[in-house]
Amino acid sequence: MGRLLLRWILLALSVVVASFVTKALGLEFIVKLATAGDFLRLLIGVAILSLVNATLGRLLKLLTLPLNCLTLGLFSLVVNAVILMLVASLEIGFTIQGSATGKFLTGFVGSLLISVVNGVLGTFVPDKDEDE
């Protein structure tokens with residue numbers, strides 16, 4: 001249970017880092033963290049992102065498997081961007097603003113950054129408890 005909570009917080013941290021980096025690139029991936037309530041909303045948004053990615057994301061990746069094979073797996077990045085844009089449209093914790101192409105570019109860069117930062121931070125979380 002503790003690992004799940006830690007991974008949830010690390011994913012929220014990854015979203016915040018992706019927001020700062022995309023803002024530096026001139027893209028509009030916005031995370032509002034002015035109060036503790038905003039942080040709670042971010043945690044809820046990240047939980048929704050994880051749930052949608054685990055369900056709808058898996059289904060979309062299965063349906064686009066032939067295209068994914070043709071692009072050597074790069075189409076998964078497009079699916080991840082669409083999932084991030086979909087959850088960001090709910091405006092729970094984070095949003096993506098701009099035109100349609102700007103939103104896609106922001107979602108693409110944001111999902112790529114979230115994956116990289118979460119992967120790097122995830123190396124510090126052990127997969128198993130040492131007591132088991």
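Tutor: Before we start, a word we will need throughout: contact, or touching, means heavy atoms within 4.5 Å. Please also keep in mind that what you see above is a predicted model.

Student: OK, then what does valine 16 touch, leaving out residues up to four places away in sequence?

Tutor: Once those sequence neighbours are left out, valine 16 touches Val31, Leu33 and Leu42.

Student: And where is valine 16, and is it buried or exposed?

Tutor: Valine 16 is found in helix H1, which covers residues 2-24. With a relative accessible area of 13%, valine 16 is buried, because buried means under 20%.

Student: How far is valine 16 from alanine 81?

Tutor: In sequence valine 16 and alanine 81 are 65 residues apart, while in space their C-alpha atoms are 16 Å apart.

Student: What about valine 15, what does that one touch?

Tutor: Not counting residues up to four places away in sequence, valine 15 touches Phe29, Val31, Leu42, Val46, Phe94 and Ile114.

Student: Which residues touch the most other members of the largest nonpolar core?

Tutor: That core has 20 residues, and the ones touching the most other members are Val15, Phe29, Leu42, Leu84, Phe94 and Ile114. At least two residues of this core come from each of H1, strand S1 (29-31), helix H2 (36-63), H4 and strand S2 (94-96).

Student: Let's go to the helices, then. At what angle do H1 and H2 pack?

Tutor: H1 and H2 pack at about 100°, and their axes are 9 Å apart. That angle makes H1 roughly perpendicular to H2, since angles of 65 to 115 degrees count as roughly perpendicular. On the H1 side the contact is made by Trp8, Leu11, Ala12, Val15 and Val16, and on the H2 side by Leu42, Leu43, Val46, Ala47 and Ser50.

Student: How do those divide into nonpolar, polar and charged?

Tutor: The residues of the contact of H1 with H2 divide into 9 nonpolar, 1 polar and no charged.

Student: And what is the angle between H1 and H5?

Tutor: H1 and H5 pack at an angle of about 135°, with 8 Å between their axes, and that makes H1 oblique to H5. The crossing in which H1 passes H5 is right-handed. From H1 the contact includes Leu10, Val15 and Ala18, and from H5 it includes Val109, Ile114 and Val117. The residues of this contact of H1 with H5 divide into 12 nonpolar, 5 polar and 1 charged.

Student: H5 again! At what angle does H4 cross H5?

Tutor: The axes of H4 (residues 75-88) and H5 (residues 100-122) come within 8 Å and cross at roughly 105°, which means that H4 is roughly perpendicular to H5. Among the residues that meet there are Leu77, Ala81 and Leu84 in H4, and Phe104, Phe108 and Ile114 in H5. For the contact of H4 with H5, the residues divide into 9 nonpolar, 4 polar and 1 charged.

Student: What is the phi of glutamate 91, and where is it?

Tutor: Glutamate 91 has a positive phi of about 55°, although it is not a glycine, and its place is in the loop between H4 and S2.

Student: Last ones. Is threonine 95 buried or exposed, and what about threonine 64?

Tutor: Threonine 95, in strand S2, counts as buried at 15% relative accessibility. Leaving aside its neighbours within four places in sequence, threonine 95 is in contact with Glu28, Phe29, Ile30 and Ala88. Threonine 64 sits in the loop between H2 and H3 and counts as buried at 19%, which is under the 20% cut-off. With neighbours within four places in sequence left aside, threonine 64 is in contact with Phe75 and Val79.

Student: And phenylalanine 20, buried or exposed?

Tutor: Phenylalanine 20 lies in helix H1, and it is exposed, with a relative accessible area of 56%.

Conventions. Residues are numbered from 1 along each chain as its sequence is written. This is a predicted model: local features need pLDDT of at least 70, side-chain atom pairs count only at pLDDT 80 or more; totals for chains, interfaces and linings use all residues. Side-chain values use heavy atoms; hydrogens and water are left out. Axes are lines fitted to C-alpha atoms, for helices over the stretch in contact, and angles run from 0 to 180 degrees between N-to-C directions. Helices (H or I, at least four residues) and strands (E, at least two) are DSSP runs, numbered from the N terminus. Angles under 35 degrees count as roughly parallel, over 145 as roughly antiparallel, 65 to 115 as roughly perpendicular and the rest as oblique. Ala, Val, Leu, Ile, Met, Phe, Trp, Tyr, Cys and Pro count as nonpolar, Asp, Glu, Lys and Arg as charged, and the others, Gly among them, as polar. Buried means under 20% relative accessible area, exposed over 50%, partly exposed in between (1.4 Å probe, protein chains only). A nonpolar core is a set of buried Ala, Val, Leu, Ile, Met, Phe, Trp, Tyr and Cys residues joined through side-chain atoms within 4.5 Å. A crossing is left-handed if the near helix is turned anticlockwise from the far one by less than a right angle, and right-handed if clockwise.
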